[in-house]
Amino acid sequence: MTMLVNEKYHVKINDWQDIFTMNNYTDSLDPTKEKLKRVINKYTLPTKGKCGLSNCGTAHNNGYIVETDTGKLTNVGHICGKNHFGVSFQTLEKNFNREYRDRQAKEKIASFKSNSNQYLEKVIATENTYGKISHIHKLQQFFTHASKGCPSSILEMIKLMVKNRNPTIYKTIKLSKKEYETLKTSGVKAPSRYKEIPIGTIDGLAFLYNENNLRVYAEDFKNPLDELLNLNISSLSSSQLDRWSKKIGEFDRTINQTHEIMIDSKIFLDRRNILKFRKLIPDDDTQFIYLIKILKDQFDIKN
Ligand SMILES: [Zn+2]
């Protein structure tokens, strides 16, 4: 197989032998006699090796492979390159690093595109267990947005629970005469004649927490994925490549997060949990009955 000159240097350098065995490599290049042509590769190695300039030889772990006008190759660290070749090295280093980043990003994106089914399969598995994400997202909005038709008193109670991050349902009861007297004698000024006692817990309340908004699925996975699958990688600018490379790195987290939210949705929307909502507004059963009706008619949740 014939390789283009540039491609040949795209191979990853794994150890010092990879460097020493390069064609035209010299470990004692005289920087006063040679003119720098380009930077062709870079390395980060676990063991130290000597700088390839004849007047230096400092041991280092990270550096670049450079080529001179006469076709010789050697290795130099970032600082040596700058000290001995000046601005020309800095420009070549910058160009190389940009090109290197672009190449890595392109490889990452191409590899992702050919493996994207794995991600979609995870989503399908989640939806098969917990329902369509878009549908569950609508339910999330229903329980958090006044405009979506949730009975107002119930919505207010839920909002308060979410705000306090406390899933306990309280009931207000009157203090006994003895309790009230005890409060008074203990020095409480104008004590209340009522107290709140816990009578239950709404499970899966985290489903409604702001940081668990299922919007994240469309915004950080589904929409970018659709866009990505239709992208022509070769037409992307460096900054677009950077952006996509970063986005891909976040897909896993988004899918896992979506999965966690869907687990909470199942707990929250469980029939027995929804029935507990009746206790939230004990004086107004019509709101509860209305809630059950909407859940059935609009969301196909039967209680
Ligand atoms: Zn050096």
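Predicted model: local features only at pLDDT ≥ 70, side-chain atom pairs only at ≥ 80, totals over all residues.
Residues are numbered from 1 along each chain as its sequence is written. Helices (H or I, at least four residues) and strands (E, at least two) are DSSP runs, numbered from the N terminus.

**Overall form**

- The protein chain has 11 helices and five strands.
- Its radius of gyration is 33 Å, well over the 19 Å that the globule rule gives for 303 residues, so the protein chain is more spread out than a compact globule. The radius is taken over C-alpha atoms, and the globule rule is 2.2 Å times the number of residues to the power 0.38.
- Along the principal axes, the C-alpha atoms of the protein chain fill a box of roughly 100 × 55 × 30 Å.
- Buried residues make up 20% of the 303 residues.
- Of the contacts in the protein chain with a separation of 6 or more, 71% are between residues 24 or more positions apart; two residues are in contact if their C-beta atoms, placed from the backbone, lie within 7 Å.

**The three-stranded sheet**

- Three strands form an open sheet in the order β1-β2-β3, with antiparallel pairing. β1 (36–50) and β3 (73–76) stand at the edges with a single partner strand each, so one side of each is left without a neighbour in the sheet.
- Neighbouring strands of this sheet are turned by 25° against each other on average, direction ignored. Axes are lines fitted to C-alpha atoms, for helices over the stretch in contact, and angles run from 0 to 180 degrees between N-to-C directions.
- Nine bridges join β1 to β2 (residues 59–68) in the antiparallel sense, and Lys50 stands opposite Ala59 in β2. Two strands pair if DSSP finds at least two bridges between them.
- β2 and β3 also run antiparallel, joined by four bridges; Val66 has Thr74 in β3 as its bridge partner.
- The hairpin of β2 and β3 has four residues between the strands, and Gly71 takes a positive phi near 90° there.
- Both faces of β3 are covered: Leu73 and Asn75 on one side are buried, as are Thr74 and Val76 on the other.

- The axes of α3 and α4 come within 6 Å and cross at roughly 140°. That angle makes α3 oblique to α4; angles under 35 degrees count as roughly parallel, over 145 as roughly antiparallel, 65 to 115 as roughly perpendicular and the rest as oblique.
- Gly81, Lys82 and Phe85 in α3 meet Ser88, Phe89, Gln90 and Glu93 in α4. The residues of this contact divide into two nonpolar, three polar and two charged, where Ala, Val, Leu, Ile, Met, Phe, Trp, Tyr, Cys and Pro count as nonpolar, Asp, Glu, Lys and Arg as charged, and the others, Gly among them, as polar.

**Individual exposed residues**

- Gln104 lies in helix α4 and counts as exposed, with 12 C-beta neighbours inside 10 Å. Gln104 and Gly63 are 41 residues apart in sequence and 18 Å apart in space, C-alpha to C-alpha.
- Ser152, in helix α6 (residues 152–164), is exposed with 11 other C-beta atoms within 10 Å. The C-alpha atoms of Ser152 and Gln287 are separated by 8.1 Å, while the two residues are 135 residues apart along the chain.

**Positive phi in loops**

- Asn24, a residue other than glycine, has a positive phi near 70°. Asn24 sits in the loop between α2 (16–20) and β1, and counts as exposed with 11 C-beta neighbours inside 10 Å.
- Arg165, likewise a residue other than glycine, has a positive phi near 50°. Arg165 lies in the loop between α6 and β4 (168–174) and is exposed, with 9 other C-beta atoms within 10 Å.
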